[in-house]
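Have the sequence and the 3D view open while reading.

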Amino acid sequence: MSEMVVIDGAAASPGIGDGPAFVIRLEEPEIPDLDDPHGAFIAAAATASSQLTELASSADSAGLEEAGEILRAQAMMADDPMLADEVKAALAAGLDLGDAIDGAANQIAESLRNAGSDYLAERAADVGEIAKRIRFAVAGVTPAGLDDLAERAVVVARSLTAADTAGMNPELVAGFVTEEGGPTGHVAVIARALGIPAAVAVPGATDAVATGEGVIVDGSRGRAVFRPDDTTRAEYTARATAHEEQLAAAQLYRGQGVSFGTRAMKVAANVGGPDDIQVAAAEGADGVGLFRTEFLFLDADEPPSEEKQVAAYRQALERFSDPVVIRTFDIGGDKPAPYLKLEVEENPFLGVRGMRLYEGQWDLAVSQARALLRAATSGELWVMAPMVATVADAATMRDLFSGAALALDAEGLEHGKVKLGVMVEVPSAALNAAALAKYVDFFSIGTNDLTQYTLAVDRTSAPLAGYLDAAEPSVLKLCAMTAKAGSQHGLSVSVCGEAASDPGLALLFAAMGMDKLSVTAPAVNLIKKTIAEADAAAMDPVLEACLSAGSAGEVRTLLDRTLTS
Ligand code: PEP
Ligand code: MG
């Protein structure tokens with residue numbers, strides 16, 4: 001047996017998974033010589049389409065709605081006459097069927113990539129997947145996927161698509177290790193939703209191990225250990241047991257208020273739609289610290305009406321007595337809304353994203369402000385803007401809401417009061433937090449974007465995913481600066497980025513003086529437990545050491561030591 005190998009990638013879903021490897025390597029089948037290649041293509045496209053529709057239904061019944069939607073879109077694309085016409089033309093030009101399918105798919109993918117929308121550009125990757133499925137169908141072969149898993153295993157693959165994960169039985173997946181994908185990619189989202197540990201962007205993973213050999217995936221670190229030796233396995237088994245015991249013990253904190261030392265700390269939940277609100281309420285979250293409203297605006301043919309928005313916001317407010325923090329729409333970057341016909345930009349994350357979009361879409365921004373003010377009669381509503389970079393941005397937000405309130409008054413429509421805040425997710429906002437504090441009622445730090453902008457690494461980049469760690473001292477310094485400026489001005493300061501769900505970083509944020517952490521709903525009680533059981537005074541020197549550390553690695557070593565002491 002060969003040696004143990006440890007490869008680091010990016011953390012995508014926390015926890016430790018251990019099991020035999022199930023390596024997915026899709027060898028392309030031979031396409032036979034055919035008398036009627038176009039007829040064979042039409043039949044294969046229909047087969048592929050029905051396979052995808054079936055996978056969509058399995059995804060739906062496994063509760064993977066997002067995957068289901070992607071698969072349904074792929075099923076329609078497989079059957080698209082445009083693809084059939086392109087294949088026909090390529091065959092007429094003398095290509096064999098395999099090349100004709102590839103050529104047609106490339107052409108369609110190219111036009112999607114150039115259509116000026118990130119959403120359509122993402123569909124370009126789907127076209128490649130569909131072409132592959134059709135080539136398999138022509139050869140009469142069903143692609144090997146996770147539905148072939150017969151025993152519990154750690155899945156190791158170059159990349160995994162929605163189709164790959166849809167047919168799987170999550171009970172049989174001990175973890176995911178992929179070579180591609182970033183911490184916010186498809187596998188990461190699915191893995192987190194199912195509580196399966198995952199490491200992505202692990203280079204050379206599929207060559208490092210064979211099916212059946214042992215793998216440990218450390219999803220909290222983004223590390224894969226292939227063929228672990230006995231000592232390493234014992235170490236990880238102990239850590240996995242401790243993690244599970246902690247999760248179970250955390251349930252004691254459900255619905256309880258917690259303090260960090262003598263200071264009360266709220267642990268709220270992040271929600272992205274109605275289902276998350278149910279989970280957050282069931283976990284006993286102290287309100288909602290980040291309600292992402294994009295689900296109302298994206299994947300739609302038209303903007304949501306004011307009434308639809310009022311109903312959605314009220315639904316959240318009625319569930320919680322603690323504040324519900326709703327973020328105004330954060331469209332742009334990797335989140336396009338097709339009906340807005342946004343300009344194509346070279347670097348969309350540095351472009352017209354978040355509140356930078358409002359000036360050009362003022363009516364839409366006003367409709368959301370009106371809906372929020374009207375819903376505010378149903379609870380304690382705080383509203384915050386994404387991508388605030390300057391004091392002028394914060395002032396724009398104030399004008400938006402004061403204008404909307406005046407208009408509602410003039411129309412005699414009932415509305416409530418809201419606290420207005422900003423997300424601190426652009427380094428300039430953190431650096432100038434003291435000035436911003438005069439314009440707003442609260443700060444909420446978005447570590448996901450703050451990390452991408454501080455390190456100048458696109459958060460969707462797989463090759464650079466290793467840079468994206470909120471434990472980088474540069475990012476922590478900006479967080480500490482924001483907390484200090486906020487508390488000097490009497491503002492509530494919270495963290496709502498993914499980093500708040502990490503127990504070690506949560507302690508650092510508490511030590512910085514934050515009064516609230518907003519975390520992924522399944523982590524609410526683990527974070528409450530971590531905060532409540534911490535020795536607050538002992539965290540001051542740890543914070544100091546972390547802020548003067550040289551790297552995220554050093555910070556994590558310090559935090560691990562603190563958590564296990
Ligand atoms: C963040 O950037 O940290 C954040 C919470 O917002 P989003 O992930 O929606 O950009
Ligand atoms: Mg953000």
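## The shell around ligand 1

By class, the shell around ligand 1 has eight charged, four polar and three nonpolar residues. Here Asp, Glu, Lys and Arg count as charged, Ala, Val, Leu, Ile, Met, Phe, Trp, Tyr, Cys and Pro as nonpolar, and the others, Gly among them, as polar. Helix 17 gives the most to this shell, with three residues. Helices (H or I, at least four residues) and strands (E, at least two) are DSSP runs, numbered from the N terminus.

## Polar contacts of ligand 1

A polar side-chain atom of Arg-292 lies 2.7 Å from an oxygen atom of ligand 1, and a backbone N or O atom of Asn-448 is also 2.7 Å from an oxygen atom of the ligand. For ligand 1, a polar contact is a pair of N or O atoms within 3.5 Å.

## Strand 17

Strand 10 (residues 263–271) pairs with strand 17 in the parallel sense over five bridges; pairing requires at least two bridges found by DSSP. Lys-266 stands opposite Lys-516 in strand 17. Lys-516 is also the bridge partner of Ser-494.

## Basis

This is a predicted model, in which local features need pLDDT of at least 70, side-chain atom pairs count only at pLDDT 80 or more, and totals for chains, interfaces and linings use all residues. Residues are numbered from 1 along each chain as its sequence is written, chains are lettered from A and ligands numbered from 1 in the order in which they are written, and side-chain values use heavy atoms, with hydrogens and water left out.

Definitions and conventions. Polar contact = N/O pair within 3.5 Å; in protein donor to acceptor, adjacent residues only side chain to side chain.
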